[in-house]
Number of protein chains: 4
Amino acid sequence: MLVVMHQKATREEIDNVVQAIEQRGYVARPIPGGQRVSIGVLHNKGPVDGSLFLGLPGVKDVIPVTRPYKLVGREFKPQDSVIRVGDVPVGKGFFTIIAGPCALESEEQAITIARHVKEFGAHMFRGGAFKPRTSPYSFQGLGERGLKILDKVREVTGLPVVTEVMDYENFDLVESFADVIQIGARNMQNFSLLRRAGKAKKPILLKRGIAATVEEWLMAAEYIMEGGNEQVILCERGVRTFVHHSRNTLDLSAVPYVRSESHLPVIVDPSHAAGRRDQVIPLSQAAVGVGADGIMVEVHHTPDKALSDGAQSLYPEQFRELCRNVRSIYRLLQLNHSEGK
Amino acid sequence: MLVVMHQKATREEIDNVVQAIEQRGYVARPIPGGQRVSIGVLHNKGPVDGSLFLGLPGVKDVIPVTRPYKLVGREFKPQDSVIRVGDVPVGKGFFTIIAGPCALESEEQAITIARHVKEFGAHMFRGGAFKPRTSPYSFQGLGERGLKILDKVREVTGLPVVTEVMDYENFDLVESFADVIQIGARNMQNFSLLRRAGKAKKPILLKRGIAATVEEWLMAAEYIMEGGNEQVILCERGVRTFVHHSRNTLDLSAVPYVRSESHLPVIVDPSHAAGRRDQVIPLSQAAVGVGADGIMVEVHHTPDKALSDGAQSLYPEQFRELCRNVRSIYRLLQLNHSEGK
Amino acid sequence: MLVVMHQKATREEIDNVVQAIEQRGYVARPIPGGQRVSIGVLHNKGPVDGSLFLGLPGVKDVIPVTRPYKLVGREFKPQDSVIRVGDVPVGKGFFTIIAGPCALESEEQAITIARHVKEFGAHMFRGGAFKPRTSPYSFQGLGERGLKILDKVREVTGLPVVTEVMDYENFDLVESFADVIQIGARNMQNFSLLRRAGKAKKPILLKRGIAATVEEWLMAAEYIMEGGNEQVILCERGVRTFVHHSRNTLDLSAVPYVRSESHLPVIVDPSHAAGRRDQVIPLSQAAVGVGADGIMVEVHHTPDKALSDGAQSLYPEQFRELCRNVRSIYRLLQLNHSEGK
Amino acid sequence: MLVVMHQKATREEIDNVVQAIEQRGYVARPIPGGQRVSIGVLHNKGPVDGSLFLGLPGVKDVIPVTRPYKLVGREFKPQDSVIRVGDVPVGKGFFTIIAGPCALESEEQAITIARHVKEFGAHMFRGGAFKPRTSPYSFQGLGERGLKILDKVREVTGLPVVTEVMDYENFDLVESFADVIQIGARNMQNFSLLRRAGKAKKPILLKRGIAATVEEWLMAAEYIMEGGNEQVILCERGVRTFVHHSRNTLDLSAVPYVRSESHLPVIVDPSHAAGRRDQVIPLSQAAVGVGADGIMVEVHHTPDKALSDGAQSLYPEQFRELCRNVRSIYRLLQLNHSEGK
C-alpha cells in the first residue's frame with residue numbers, strides 16, 4: 001500500500017504517518033518524489049485497511065497495491081480450477097450449458113422443459129424453488145415442494161440440478177436436494193449465507209451483485225473458500241447502469257479479467273442481464289466468444305404462461321439454435337487456439 | 001398498465017394480447033393511436049407483472065402506470081408517519097440526529113463517544129456490534145459483547161441505541177438489545193431478514209441499497225409493513241456511480257421524492273456516502289436543506305485508531321459544529337415556512 | 001403519449017390537461033382506470049414533448065409511446081442499410097474489420113502498421129490526425145500532416161481510411177482526405193458538427209457517447225440523416241459505469257437492440273472500451289458473437305512507444321489471431337443460420 | 001506515478017520498465033515490497049501518461065499520484081478566485097443567484113421574467129438563445145434574435161446576462177452579447193470550443209458533463225485557463241446514474257471536493273439535475289448547505305406554455321421562496337462560521 005502525502009505535508013505529519021504504520025506492525029518506507037512524499041507500507045502478510053491512514057493529517061490519498069483476496073487468487077493457485085458436478089465438469093476445457101425455467105411451477109412443467117433442454121444439449125437443469133422477489137405480493141416459489149420436483153427431474157433426465165438458496169434457515173434443506181447451490185445477486189454480500197456456504201459439501205454458483213465490483217465479488221467467493229468449500233463457480237449476470245434497452249448491462253469484460261485474477265470458473269447468465277428474449281441468443285454467443293466457461297439460460301415451453309420472468313425465457317426451439325451456435329463457436333475457438341500454437 | 005403494440009401488429013396479435021390479459025382476470029381496453037394500438041389493463045387490485053405480456057407476439061413495450069406499493073404509499077396513508085423511539089420522535093416536525101462510532105470497540109470507547117455526542121446534541125447513539133465486511137479477514141465486530149455495551153451506553157447516557165442486524169439467526173438477540181434495528185444497504189433485499197423485521201416490535205431503520213431504485217427501497221419497506229411492523233425509518237446513504245471523489249454518490253433528490261411517494265420518515269447518512277471526513281459536514285448541511293427528517297453520522301474520539309471506517313468519522317469538535325449548523329438551518333427553514341403561510 | 005393523472009386529480013384538473021393537449025393541436029382521449037385516469041395523446045405526426053404536460057396540476061407522470069426518431073428507424077425503412085466505402089461494404093452480410101494506430105505518428109509508422117493489418121485481413125485503416133485529449137498538455141495529433149499520411153497509406157495499400165473530425169472548422173479539410181469521417185464519443189451531441197456531417201458526401205462513423213442512451217445515439221444519427229447524409233455507421237465503444245477492471249463497460253446488448261430499432265449498420269470498438277490489450281481479442285470475439293457488423297481495433301507495431309493509447313493497442317501477431325477468430329466465427333454463424341432455415 | 005509489477009515479474013522485465021521510464025526523461029525508483037516490486041516515476045514536471053507503461057511485460061498496474069492539472073489547482077494558487085461580472089462577484093464570500101427561463105422566447109417573456117427574478121433577489125439573468133436539443137425536430141432557440149433580447153433585458157433591469165454558446169462559429173456573436181458565456185454539459189469536452197473560450201474576454205460558466213469525473217471537468221477548465229482566460233465558474237448540474245426519480249443525480253459531494261482541489265468558484269444548477277419543479281427548492285437549499293458559491297435556476301412566469309423545459313421551471317412565487325431560504329441559510333452559515341472562530 002502507498003500512502004500519498006499532501007504537497008505541503010510537514011516533516012512532523014510524515015513522521016506521524018510513519019509511526020502510525022509501524023504501530024500497526026508494518027514497515028514504513030518513505031519515498032521522496034518530485035512534488036510530494038509517498039510512504040510505502042511493506043511486509044504486510046494480508047491486506048491492509050487503507051482507511052486506517054486516510055484520515056491522518058497531511059495524507060492526500062491511500063493507494064492499495066496488493067490484492068485483498070488470497071484463496072480465490074491466481075497468485076495463490078495458478079492453475080485453473082475445474083469443478084465437477086457429478087459427471088459434468090465446469091471450467092477450462094469445457095463449455096457447460098445450464099438451462100431451465102426461472103421458477104419451478106409443477107412437476108409436469110419441470111419435466112417437460114428438462115426433457116427439451118436435455119435433448120438440445122443442456123448439461124444441467126436450473127429451476128427456482130425459493131424466489132427472491134422485489135414485491136411481497138409476487139409469486140415466491142413452491143418452496144420445499146419445488147425441491148422435490150428437482151429430485152424427480154434428476155431421476156427422469158439424469159441432469160444435475162441447480163437451485164437457489166435464499167437464506168440460512170433453508171440452507172440444509174436446499175443443500176439436501178441441490179447438486180449446485182446458487183447464491184443470487186441480491187445475496188452476494190449476505191455474509192451469514194456465504195459463511196454457511198463455506199461449510200457446504202456441494203458446489204456454490206455465486207452470482208455477481210448488480211453493483212458489485214469484481215473485487216467485491218471475488219471477496220464474496222473468498223468468504224466461501226475461507227470456510228472450507230473450494231467448489232465455487234462464478235456467474236456474471238449484468239450490472240445496473242443508466243441503460244434502458246436491457247434490464248441490466250452484461251459486463252463481459254469481467255470474464256477475461258476474472259480469468260486473469262482467479263483460478264475459479266466463470267459462467268454467464270444472459271437471461272437475467274437482458275430481461276428480454278430477443279437478446280438472449282446474441283448475448284450467449286457473445287459469452288462464448290469472450291471466453292466464458294459456460295452459460296445459464298432460462299427456457300420455458302410456454303413462456304407466455306410462466307409465473308416468473310416469462311419475457312426473458314427462450315422457447316425450446318430457440319434454445320436448440322442457441323446450443324448449436326455456442327457449441328460450434330466453442331469448438332472453433334479451441335481448434336483455432338490449438339492450431340495457433 | 002399499458003401494453004404498447006408494434007406499429008405493424010396484426011389484428012390477431014392484438015386479440016391475442018387482449019385474451020391473455022383477460023385470462024389473468026383483468027379488463028383489457030384497446031386504445032387505437034395515430035401510429036399503433038395500445039391496450040390498457042384495468043381494474044387490477046394489486047400491481048400487475050408486466051413481464052407476463054412483454055414476450056407476446058406483436059408487443060413492443062409494457063408500461064406500468066400504478067405504483068407497486070401500497071402500505072408504504074401516500075395514497076394509502078396521506079399523513080406523515082412519525083416513529084417514536086422512547087422519547088425521541090423521527091418524522092415531520094423534528095430533526096433527529098443519530099451519532100456514534102462505526103463499530104463498537106470497548107465499553108470505554110462507546111461511553112466516551114456517547115457522552116460527547118449527547119453533549120453536542122445527538123438524540124440517539126449508533127454503534128455496530130455485528131459488522132458486514134467485504135473481506136472475511138477484516139474485524140467483524142464484537143457481537144454479543146458489543147450489544148451489552150449498548151445497554152451500558154443507554155444506562156449511562158439515556159440515549160436510545162441503533163445497531164445493525166445482519167442475519168435472521170441473530171435477530172432475536174439484536175432485537176432484545178436495540179431500540180432501533182438497522183438493516184444495512186447490503187441486506188436491503190435480504191427478504192428473509194425483511195420478513196423477520198416485519199414481526200419485530202422495534203422500529204426498523206432501513207438503509208437504501210447501493211444500487212436500489214427508490215421503488216425497490218419502498219418495496220423492501222413494504223415487506224416489513226406487510227409483516228405487521230409499521231415502524232420503518234428510511235435512510236438514504238448514497239448510490240454507486242462512476243464517481244471517485246466520494247465513496248458513493250449521495251442521492252439527495254431521493255428525499256423529496258420519497259416524501260411525495262411515502263408517509264414514512266427519511267433520514268440521511270452522509271458518513272457512508274462520503275467515506276471521507278471532510279465531506280460529512282457539508283453533506284449534513286445539504287441533508288437538512290433538502291428536507292430530510294434527520295441524519296446519522298459517525299463520530300469517534302480517536303478516529304486514527306478506529307477499527308473500522310476511521311477515515312469518515314468526525315472528531316467530537318467537528319460534530320459539535322455540525323449539530324449547531326444543522327439545527328439552526330432546520331429551525332430557520334421551519335420559521336421561513338410558517339412565515340410564508 | 002400517455003399523461004397519467006394523480007389518483008385524486010379533480011375533474012377540473014383533468015379537463016385542464018385535455019384542454020392543454022388540444023391547444024397544442026393533438027387529440028386527447030381520457031382513459032378511466034381502476035385507480036386513476038390516464039389521457040392518451042393521439043394523432044401526433046412527430047414526437048410530442050412530454051415535459052409540456054408534466055408540470056400541470058394533477059399530472060403524476062408522462063409516458064412516451066412513439067419513438068422520437070424517424071429516418072434512422074426501422075419503421076421508416078425496414079430493410080437493412082449497407083454503406084459502401086469504395087469496395088468495402090459495411091452492413092448486413094459482411095463483417096468489416098477496421099484497424100490501425102490510435103494516433104498517426106509518422107508516415108513510416110502508418111505504412112508499417114497498414115501493411116500488417118492489410119496482410120492479416122483488415123478492410124480499412126484507421127488513424128487519428130486530430131486527437132481529442134482530456135489534457136491540453138497531451139499530444140494532440142499531427143493535424144493536416146497526419147491527413148497527408150492517410151493519403152499515402154491509401155496509395156500504398158489500397159485500404160480506405162477512417163479518421164476523426166473534431167470540429168466544424170476542420171471539417172472540409174478532413175472530408176477531403178478521409179474515406180470515412182469519424183465523430184467521436186465526446187462529440188456525439190456536438191450538434192453543429194452533426195449538422196455539418198449531414199451535408200458531407202462521405203460516410204460518417206458515429207461513436208456512441210460514454211453516457212448516451214441508445215435513443216440519444218439514434219437521435220444524433222437522425223441529425224445527420226435529416227441533413228441529407230444517409231451514410232451513417234454506428235459504433236458502440238463502451239459506456240461509463242462504476243466498473244474499474246476495464247476503462248468503460250462495453251454494452252453489447254446495444255447491438256441487437258439497435259438492430260431491432262434501426263436499419264443502420266452497427267460496429268464495435270473493443271479497444272477504447274477495454275483500455276487494455278488483454279481484453280481486446282475476447283471482446284472482439286464477443287462482438288461478432290452478438291451480431292455486430294464489424295469491429296474497429298487499435299494495432300501498433302511497437303505499442304510500448306506509441307504516443308497515445310499504447311496500452312490498448314494489439315501487436316500485429318495478436319491482430320492476426322483476432323482476424324482469424326472473428327472471421328471464422330462470423331462464417332460459422334452465417335452457415336448455422338442458413339442451415340437453420 | 002507508481003508502476004506496480006506482477007508478483008512473478010522477472011528481473012529482466014523490471015529492468016525493461018526502468019529503462020522505458022528513463023527513456024522518457026523521468027527518474028525510475030524501484031521499491032521492493034513484501035510480495036512484488038513497484039517502481040516510482042519521479043521528477044516529472046507535468047503529468048505522466050500512465051498508459052505508456054501499462055502494456056509493458058510484467059506490469060500489473062499503473063497508479064497516478066500527482067494531479068494532472070496545474071492552473072486550476074489549489075497547489076498552483078491557494079487562495080480562492082472570485083470572478084467579477086460587472087458588479088456581481090462569484091466566489092468566496094458571496095452567494096450568487098442566476099435565474100431566468102430555459103429558452104428565450106420573446107422580448108416580452110424575457111423582460112417579464114427578468115423583472116420577477118430581479119425583484120425576488122437574482123443577481124444575474126439566464127436565458128438560452130442557442131439551445132442544444134437531443135432531437136433535430138425540437139425548438140432550437142431564437143439565435144441572434146435571442147441575443148438581442150438579452151441586450152434589452154440588461155438595459156431594462158441592469159442584470160448581467162448568462163447565455164450558452166454551442167459552437168465555435170457563433171462564439172464571436174455570443175461573446176459580443178453575453179456577460180457570462182455558458183458552455184453546456186454536452187460540450188464540456190468540445191476541445192475546439194474550450195480553446196476558443198480560452199481566448200475570450202468574458203467569464204466562462206463551465207457545466208460539468210453528465211458522465212464527467214471531477215478530474216475531467218477540471219481538465220476542461222484547464223484548457224480554458226491555459227488559453228489565457230482565468231475567469232472560469234464551474235457549475236455542477238447532475239450526473240447520469242441508474243436513478244429514475246430525477247432526470248440526473250445531483251452530485252453535491254463534488255462541491256467540497258472541487259473546493260479542496262481548485263481555487264475556482266463552483267455553483268449548482270438544480271433545475272437540470274432534477275428535471276422536475278418539485279425538487280428544485282429542496283436541492284437549492286441543499287446546494288447552499290453543501291457550500292456552493294451560488295445557484296442557477298430556471299424560472300418562467302407561465303411554465304405550462306414554455307417552449308422548453310417547462311416542467312422544471314419554477315413559478316415566480318416559488319422563486320421568491322427559494323431566494324428567501326437560500327439567502328438566509330447562507331447568512332446563517334457565515335454567522336455560525338465566524339462565531340465558531
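C:V214 is buried, with 22 other C-beta atoms within 10 Å; a residue is termed buried if 20 or more other C-beta atoms, placed from the backbone, lie within 10 Å of its own, exposed if 12 or fewer, and partly exposed in between. The residue is found in helix 7 (residues 214-226) of chain C, where helices (H or I, at least four residues) and strands (E, at least two) are DSSP runs numbered from the N terminus. Residues up to four places away in sequence aside, C:V214 touches A:H245, C:A254, C:Y257 and C:V258, contact being defined by C-beta atoms, placed from the backbone, that lie within 7 Å. The C-alpha atom of C:V214 is separated by 33 Å from that of C:A110, 104 residues apart along the chain.

The model is predicted, so that local features need pLDDT of at least 70 and side-chain atom pairs count only at pLDDT 80 or more, whereas totals for chains, interfaces and linings use all residues. Residues are numbered from 1 along each chain as its sequence is written, and chains are lettered from A and ligands numbered from 1 in the order in which they are written.

Chain A comprises 11 helices and 14 strands. Its C-alpha atoms fill a box of roughly 75 × 50 × 40 Å along the principal axes. Of the 341 residues in chain A, 59% are buried. Among contacts in chain A with a separation of 6 or more, 65% join residues 24 or more positions apart.

The same surface serves both copies, as 100% of the contact residues of chain C recur in chain A. Each side is formed by 40 residues, from chain C and from chain A respectively. On the side of chain C, two or more residues each are given by helix 8 (254-261), helix 10 (280-290) and helix 11 (316-340), and helix 11 of chain C provides the largest share, 9 residues. That side has 20 nonpolar, 16 polar and 4 charged residues; Ala, Val, Leu, Ile, Met, Phe, Trp, Tyr, Cys and Pro count as nonpolar, Asp, Glu, Lys and Arg as charged, and the others, Gly among them, as polar.

The largest nonpolar core has 388 residues, and A:L206, B:L206, C:L206 and D:L206 have the most contacts inside it; such a core is a set of buried Ala, Val, Leu, Ile, Met, Phe, Trp, Tyr and Cys residues joined through C-beta atoms within 7 Å. Beyond four places in sequence, the residues that D:L206 touches include D:I183, D:M188, D:A220 and D:I224. A second, separate core of 40 residues includes A:V3, A:L54, D:V48 and D:V59.

In chain D, helix 3 (residues 107-120) and helix 4 (residues 144-157) pack at an angle of about 35 degrees, with their axes 10 Å apart. Axes are lines fitted to C-alpha atoms, for helices over the stretch in contact, and angles run from 0 to 180 degrees between N-to-C directions. The residues of this contact divide into 6 nonpolar, 1 polar and 4 charged.

Key
Two residues are in contact if their C-beta atoms, placed from the backbone, lie within 7 Å.
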